[in-house]
Amino acid sequence: MTKKGRVFSGIRPTGRSHLGNYLGAIQNYVALQDEHDCVYCIVDIHALTTIEDTVNLRQNTYEMAFDLLAAGIRPEETILFVQSHVPQVMELHTILSMVTPLGKLTDLPTFKEKVRQNPNNVNYGLVGYPVLMAADIVLYKTDFVPVGIDQAPHIEFTREIVRSFNYRFNTNVLIEPAMKTTEVPKVLGIDGKEKMSKSLDNHIELALTPEETRQRVMMMVTDPQRIKRSDPGNPDVCNVFSMHKVFTPAEEVQMINVECRRAGIGCVDCKKRFAENLNRALEPFRARRADLAARPDYVRDVLADGASRARVIAEQTMREVRAAIPLP
Ligand code: SF4
């Protein structure tokens, strides 16, 4: 089947993925493979910009690979690799940094946010983060980058860097990527308030055991107005109900919607049902993941093969880039 252009995306090696990662990115990565040539990169160099991500970086990179493969990334067609295994990206990053105004980088809200989060580690890599991201994207002659609406400015910035490079060197070797905007659901953590995140410890990891999953689910905050079992609840403001809509059969969701409003079902029962449905939905993923974790050599080979295919594209791009700039 002829595919409709190349998709690129990078994912940080933050260790074992959680439900927010899965619903927000990974399941979309899997779906995109049906219609596009996909290049997915575990961005270990980006992770070096923050100290906490550097701890266990090697193991976390493998954990991410296990999750991606267990979720359904097909390495025989999709290129899955580790960013540092394709050193051409560092060369392109340096070249693109020469056409990127420093003031623009330090003005970016994402840079200011990172400075706020890491006041004791404001390193040069943090400033250049979007340039490295742009280098990743254009190195693989990317047609589309899958993004949520809130990430659109990042891709626009990449497009500006590409225009700037092509104008400065009077060339068209770099391609401006288009955005493939997807509706990314905002997955709240078990606190029911903040986006699900490891740093907030409000997450549910995909690879937990069924019992660990049940314990995390039982900690989920429900409708805050429902104090007693006899109080009617409001599923529209309840995070457990939002998750039921993703993992629970439609008839059962409908029953909960009705029974909650007339106090026919209690939150404890409702959460037990959710834990059961979630565990059932994750069972095949967990079985595949356990199998992959028991075969690290296979996963290492997959990543090595992905890097070798990625380097072919990267080297072709760099030959064109080197020819376009007036280096002696
Ligand atoms: Fe939420 Fe379920 Fe409790 Fe209703 S019964 S408030 S949907 S947890």
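**Close-up views of the cavity and the cysteines**

**View 1. Helix 14 and the lining of the largest cavity.** Helix 14 gives three residues to the lining of the largest cavity, the largest share. Helix 12 (239-247), helix 13 (250-261) and helix 14 (267-293) each supply at least two lining residues. Helices are DSSP runs (H or I, at least four residues) numbered from the N terminus. The model is predicted: local features need pLDDT of at least 70, side-chain atom pairs count only at pLDDT 80 or more, and totals for chains, interfaces and linings use all residues. Residues are numbered from 1 along each chain as its sequence is written, and side-chain values use heavy atoms, without hydrogens and water.

View 2. One cavity of 30 Å³ or more is found in the whole structure. A cavity is a set of points, on a 1 Å grid over the protein atoms alone, where a 1.4 Å probe fits but cannot get out; lining residues have an atom within 4 Å of a point. The volume of the largest cavity is about 100 Å³, the space filled by probe spheres set on the points, which are joined across faces, edges and corners. Of its 14 lining residues, Arg226, Cys238, Cys260, Cys267 and Cys270 lie nearest the centre.

View 3. The structure holds zero disulfides, a disulfide being a pair of cysteine sulfur atoms within 2.5 Å. The closest cysteine sulfur to that of Cys38 is in Cys41, 13 Å away and too far for a bond. Cys38 is buried at 2% relative accessibility, whereas Cys267 is partly exposed at 23%. Buried means under 20% relative accessible area, exposed over 50%, and partly exposed in between (1.4 Å probe, protein chains only).

Conventions
On a 1 Å grid over the protein atoms alone, a cavity is a set of points where a 1.4 Å probe fits but cannot get out, and a pocket is an open set with protein on both sides within 12 Å along at least five of seven lines; lining residues have an atom within 4 Å of a point.
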